[in-house]
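Please keep the sequence and the 3D view open while reading.

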Amino acid sequence: MSIIYSSNEQIAIEIKKLLLDSKMTQREVAAKLEIKPQGLTKLLSKKNFGFEDVDRILSVMGYQLSIDFVRIPTAAGSGVDPASEITDDNTM
């Protein structure tokens with residue numbers, strides 16, 4: 001399954017879809033994570049949960065987190081490279 005990231009809310013929705021596909025309950029996933037079901041619900045509803053959280057959840061569900069960086073195509077004739085808009089404040 002491949003998605004284009006737009007928000008953490010979207011990631012939580014995709015995880016819930018995978019729960020349905022894998023026929024696992026949130027209670028079962030929480031037990032495998034050794035947290036309470038409410039803890040998993042809280043984790044999925046966080047606005048800024050990290051890739052580590054997603055990876056842990058997916059791992060106990062039998063999935064692997066895969067990240068693929070894809071260049072954004074420039075608008076024809078615009079001559080603007082999206083990478084050129086990164087400032088020193090946004091660099092790693």
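This is a predicted model: local features need pLDDT of at least 70, side-chain atom pairs count only at pLDDT 80 or more; totals for chains, interfaces and linings use all residues.

How many nonpolar, polar and charged residues does the lining of the second largest pocket have? By class, that lining has three nonpolar, three polar and four charged residues.

**The largest pocket**
- The volume of the largest pocket is about 900 Å³, and its lining is made up of 23 residues, with I3, L65, S66, I67 and D68 lying nearest the centre of the pocket.
- Both α1 (8-22) and α4 (51-60) supply at least two residues each to the lining of the largest pocket, and the largest share, five residues, comes from α1.
- Sorted by class, the lining of the largest pocket holds 16 nonpolar, five polar and two charged residues.

**How helix α2 packs**
- Two packed helices are described by the angle between their axes together with the distance between those axes.
- The axes of α2 (residues 26-33) and α4 come within 9 Å and cross at roughly 110°, which means that α2 is roughly perpendicular to α4.
- In this contact, V29, K32 and L33 of α2 meet R56, I57 and V60 of α4, and by class the contact has four nonpolar, no polar and two charged residues.
- Helix α2 also packs with α3, at an angle of about 100° and with the axes 8 Å apart, so α2 is roughly perpendicular to α3.
- On the α2 side of the contact with α3 are Q26, R27, V29, A30 and L33, and on the α3 side are P37, L40, T41 and L44; these residues divide into six nonpolar, two polar and one charged.

- Leaving aside neighbours within four places in sequence, V29 is in contact with L19, M24, L40, I57, V60 and M61.
- One of these partners, V60, is 31 residues away from V29 in sequence, while the C-alpha atoms of V29 and V60 are 6.6 Å apart in space.

**Two loop residues with positive phi**
- Most residues other than glycine have a negative phi, and this gives a background for the two residues that follow.
- K23 is found in the loop between α1 and α2, and phi of K23 is near 60°, a positive value in a residue other than glycine.
- With a relative accessible area of 72%, K23 is exposed, because exposed means over 50%.
- E34 lies in the loop between α2 and α3, and E34 has a positive phi of about 60° although E34 is not a glycine.
- The relative accessibility of E34 is 74%, so E34 counts as exposed.

Methods. Residues are numbered from 1 along each chain as its sequence is written. Side-chain values use heavy atoms; hydrogens and water are left out. On a 1 Å grid over the protein atoms alone, a cavity is a set of points where a 1.4 Å probe fits but cannot get out, and a pocket is an open set with protein on both sides within 12 Å along at least five of seven lines; lining residues have an atom within 4 Å of a point. Grid points are joined across faces, edges and corners, and a volume is the space filled by probe spheres set on the points. Helices (H or I, at least four residues) and strands (E, at least two) are DSSP runs, numbered from the N terminus. Ala, Val, Leu, Ile, Met, Phe, Trp, Tyr, Cys and Pro count as nonpolar, Asp, Glu, Lys and Arg as charged, and the others, Gly among them, as polar. Axes are lines fitted to C-alpha atoms, for helices over the stretch in contact, and angles run from 0 to 180 degrees between N-to-C directions. Angles under 35 degrees count as roughly parallel, over 145 as roughly antiparallel, 65 to 115 as roughly perpendicular and the rest as oblique. Contact means heavy atoms within 4.5 Å. Buried means under 20% relative accessible area, exposed over 50%, partly exposed in between (1.4 Å probe, protein chains only).
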